[in-house]
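Welcome! Open your viewer, get ready to select residues by number, and follow along one stop at a time.

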Amino acid sequence: MGFDEEDKVGSAKMPLLQHLCSSPSSSSSPPATPPTETMKLPHKRTGNEWTALAHLITAIIGSGVLSLAWSMAQLGWIAGPLSMLCFACVSLTSALLLCNCHKSTDPECGTTRHGSYLVAVQSILGKKNAWFCGIIVQIYFIKIAIVYTVTSASSIGAILKSNCYHYEGHDAACSYSTTIHMVIFGVIQVLVSQVRDFQNTKWLSVVAAIMSFTYSFIGAGLGLAKVIENGEIKGSIRGLPSDNAGEKVWSVAQALGDIALAFPLSLVFLDIQDTLKETPPEKVTMRKASTIAVCITTFFYLCCGGFGYAAFGTDTPGNLLTGFGFYEPYWLVDIANAAVIVHLVGAYQVYTQPFYANVESWLGRKFPESEVVHRDYDLKLLWLPGFRLNLLRLVFRTAYVATVTAIAALFPYFNQVVGVAGALTFWPVIVYFPVEMYLKQERIESWTTIKIILRIFSYTCLVVMVFAFVGSVRGLIVARFS
């Protein structure tokens with residue numbers, strides 16, 4: 001049974017991770033799992049405004065917040081906050097458009113539920129757009145894994161440096177290889193990746209949310225404390241000065257890419273909306289929750305970026321917690337960086353499991369009789385009951401993590417990697433598909449005011465993101481070969 005058929009008969013919602021990246025064209029293929037697997041009971045939707053708000057905030061706040069102070073430093077006290085507000089408005093506009101795409105009505109088939117972003121694109125815009133969207137989604141998952149590997153390695157190194165500076169002095173030569181830290185993080189991911197999926201591990205999201213708030217609050221608090229200690233607000237209206245106009249332009253482009261990564265909302269939006277109760281209408285609840293979520297996170301981002309820039313001015317580090325603007329209290333810096341690592345261990349899996357599921361389900365359909373693909377081995381580990389090893393998962397997931405780690409080791413540059421990652425998929429995921437789905441869903445006629453406004457909105461965002469992407473790629477290349 002395909003995605004459309006599942007939605008039309010109101011059957012059980014697929015798990016979030018499978019929904020995000022399963023191919024729409026796979027409806028008639030045999031199942032990737034052995035036929036002995038039992039069917040799950042229909043999922044009861046019990047979500048409300050508060051659960052939606054919690055999911056949205058957790059989805060938005062991530063490691064991108066650590067680069068916002070640096071972005072503010074490139075843009076200055078006027079363009080910096082305005083840029084964050086603009087990206088927040090774009091993100092909120094996308095959310096409000098997607099609210100209307102959760103359900104569609106057909107005269108013959110009745111109401112169809114779109115339980116995920118990819119399902120909505122296929123149902124509303126057709127298979128060609130779904131194919132293109134699927135590629136974008138896979139790129140999104142891979143780029144996030146690379147960003148998280150670079151960020152985690154930086155935080156591991158920051159903990160070691162923080163302790164070194166505390167005991168040896170701030171002028172000590174405390175230097176550590178980021179490659180080794182990436183390998184350590186990669187080994188952890190290889191082990192965690194052998195767990196089949198995370199659809200029943202609610203603790204993962206809870207821990208990730210707590211950790212993200214922990215390091216974000218600590219970063220903002222340390223920035224505010226530094227401002228009070230300095231007795232002045234550093235920074236300027238024009239931002240970081242530069243003798244070369246071209247370099248200034250490219251740094252602005254990279255800053256925009258960094259800010260873009262801090263607003264990853266649309267990809268999981270419909271999955272969250274699909275958990276809500278039908279009364280009041282889901283789109284009404286989601287509009288309210290998304291508006292509150294974007295307002296809270298934007299205020300939070302302005303505080304983190306603003307306090308960091310006010311504390312350091314032209315010396316603002318690329319990563320607020322690893323650039324060592326803060327030496328003391330060293331234990332608090334260690335806690336913040338440890339929270340980053342713990343958060344990204346789980347977040348890496350949340351964004352990588354969909355990629356695993358897509359490839360492995362395809363292989364399962366391709367080789368329905370293969371024991372390598374389908375057979376699980378119960379290791380009966382006392383410290384990990386119920387753990388089952390699969391040869392396909394072992395080989396494929398290990399190879400994937402090794403590849404991502406190798407790419408991250410080639411480009412271990414936090415701000416440049418974040419900028420490229422943010423600019424690469426922001427326009428298609430956050431702007432293009434939501435706009436096109438809304439226009440098609442609402443049957444907006446050509447040359448109407450709303451259609452003209454949305455087209456201008458879409459093309460303007462495209463130009464900005466191309467500018468940010470080119471600038472970020474240039475920065476990455478310069479950093480790699482300098």
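This is a predicted model: local features need pLDDT of at least 70, side-chain atom pairs count only at pLDDT 80 or more; totals for chains, interfaces and linings use all residues.

**Stop 1: helix α5.** Select residues 117-125, which make up helix α5. Eight of its nine residues are buried, among them Tyr-117, Leu-118 and Gln-122. Step just past the end of α5 to find Gly-126, which has a positive phi of about 100°.

**Stop 2: helix α6.** Now select residues 127-168 to see the 42 residues of α6. From first C-alpha to last, α6 reaches 61 Å, close to the expected 62 Å. Gly-169 follows α6, and its phi is also positive, near 105°.

**Stop 3: salt bridges.** The whole structure holds eight of them. Start by showing the side chains of Lys-103 and Glu-282, which meet at 3.3 Å, N to O. Lys-103 sits in strand β1 and Glu-282 in helix α11, so this pair ties together parts 179 residues apart in sequence.

Next, select Asp-274 and Arg-113, whose closest N and O atoms are 3.2 Å apart. Asp-274 lies in the loop between α10 and α11, while Arg-113 belongs to strand β2. Both residues are buried.

**Stop 4: one more pair.** Select Arg-397 in helix α14 and Glu-360 in helix α12. Their salt bridge has its closest N and O atoms 2.7 Å apart. Arg-397 is buried at 2% relative accessible area, and Glu-360 also counts as buried, at 13%.

To finish, select Lys-103, Arg-113, Asp-274, Glu-278 and Glu-282 together: salt bridges with shared partners join them into one network.

Key: Residues are numbered from 1 along each chain as its sequence is written. Side-chain values use heavy atoms; hydrogens and water are left out. Buried means under 20% relative accessible area, exposed over 50%, partly exposed in between (1.4 Å probe, protein chains only). Helices (H or I, at least four residues) and strands (E, at least two) are DSSP runs, numbered from the N terminus. The expected span of a helix is 1.5 Å times one less than its number of residues. A salt bridge is a side-chain nitrogen of Lys or Arg within 4 Å of a carboxyl oxygen of Asp or Glu.
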